[in-house]
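Please keep the view open while reading.

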Amino acid sequence: MATERIVLAEGEGLRLRSGPGRDLIFKVTGEDTGGAFDYFIVEVAPKGGPPLHVHHMQEETIHVLKGQFKIRIGDDIFYCNEGGFAYMPSKVPHTFLNLTDEPGEVIVVYTPGGGHKFYEELGPLTRDGSPDPKVVGQLFEKYNMTLLGPPLRPDVDEPGKTIKG
């Protein structure tokens, strides 16, 4: 476990980009915590979110600070408002989508840590909004994840999925 103390003001931390309109502010990384966890804030664009993917080693949580989110975990769809929380176990496909017309914010925790390294490489690939899916897929594999499909759509409830409030 890391021995250094970290105290940051609002907006401080390692700022990385995960795609157009999706900035991340890492408050601590796996390097800071001896590999234990990452803790970061994700600024999610209106109607934005990551593609469907699975982490083979990392557990993930999201805690909604701002906005309303549609979240897919496995075959189930959930909705979380501000203050809502979701746990996404490793090896379970998942994604989320900001349903609002305003930027949203979520706190994400990965355990074990080290996810910032993925985003350091992903940002330059996705910055223009039209990344090469094959190259992005290879990057996911490099970091023990698999890219499975497109992001959720706000106006579509996925066929065969259970809607939960």
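Which residue has its backbone oxygen 2.7 Å from a polar atom of the side chain of Lys27? In this predicted model, that residue is Glu12.

Lys27, which belongs to strand S2, is buried and takes part in no salt bridge. The nearest side chain of opposite charge is that of Glu12, at 6.5 Å, which is beyond the 4 Å limit used for a salt bridge. The backbone oxygen of Glu12, by contrast, lies 2.7 Å from a polar atom of the lysine side chain, and the backbone oxygen of Ala9 lies 3.3 Å from a polar atom of that side chain.

When neighbours within four places in sequence are left aside, the contacts of Lys27 include Ile6, Leu8, Gly11 and Asp32, and also Tyr39, Phe40 and Ile41.

## The sheet and the helix across it

Strand S2 is part of an open sheet of 6 strands, arranged in the order S1-S2-S3-S10-S5-S8 with antiparallel pairing. At the edges are strand S1 (14-19) and strand S8 (85-88), each of which pairs on one side only, and the twist from one strand to the next averages 25°. Strands of a sheet pair through backbone hydrogen bonds.

Strand S2 (residues 22-28) pairs with strand S3 (residues 38-44) in the antiparallel sense over 6 bridges, and within this pairing Leu24 has Val42 of S3 as its bridge partner. Helix H1 (residues 115-126) lies across S1, S2, S3 and strand S10 (104-111), and runs at about 50° to S1.

## Salt bridges

The structure holds 7 salt bridges, among them one between Asp23 and Arg15, whose closest N and O atoms are 3.6 Å apart. Asp23 is buried, with a relative accessible area of 17%, whereas Arg15 is partly exposed at 43%. In the salt bridge between Asp75 and Arg72 the closest N and O atoms are 3.8 Å apart; here Asp75 is partly exposed, with a relative accessible area of 49%, while Arg72 is buried at 15%.

Glu121 and Lys142 also form a salt bridge, with their closest N and O atoms 2.9 Å apart. This pair links distant parts of the chain, with Glu121 in helix H1 and Lys142 in helix H2 (residues 133-142), 21 residues apart. Glu121 counts as partly exposed at 31% relative accessibility, and Lys142 is exposed, with a relative accessible area of 53%. Elsewhere, salt bridges that share partners join Arg15, Arg17, Asp23 and Glu43 into one network.

Terms used: Residues are numbered from 1 along each chain as its sequence is written. This is a predicted model: local features need pLDDT of at least 70, side-chain atom pairs count only at pLDDT 80 or more; totals for chains, interfaces and linings use all residues. Side-chain values use heavy atoms; hydrogens and water are left out. Two strands pair if DSSP finds at least two bridges between them. Helices (H or I, at least four residues) and strands (E, at least two) are DSSP runs, numbered from the N terminus. Axes are lines fitted to C-alpha atoms, for helices over the stretch in contact, and angles run from 0 to 180 degrees between N-to-C directions. Contact means heavy atoms within 4.5 Å. Buried means under 20% relative accessible area, exposed over 50%, partly exposed in between (1.4 Å probe, protein chains only). Lys and Arg count as positive and Asp and Glu as negative; His and the chain ends are not counted. A polar contact is a pair of N or O atoms within 3.5 Å; within protein, one must be able to donate a hydrogen and the other to accept it, and residues adjacent in sequence count only if both atoms are side-chain atoms.
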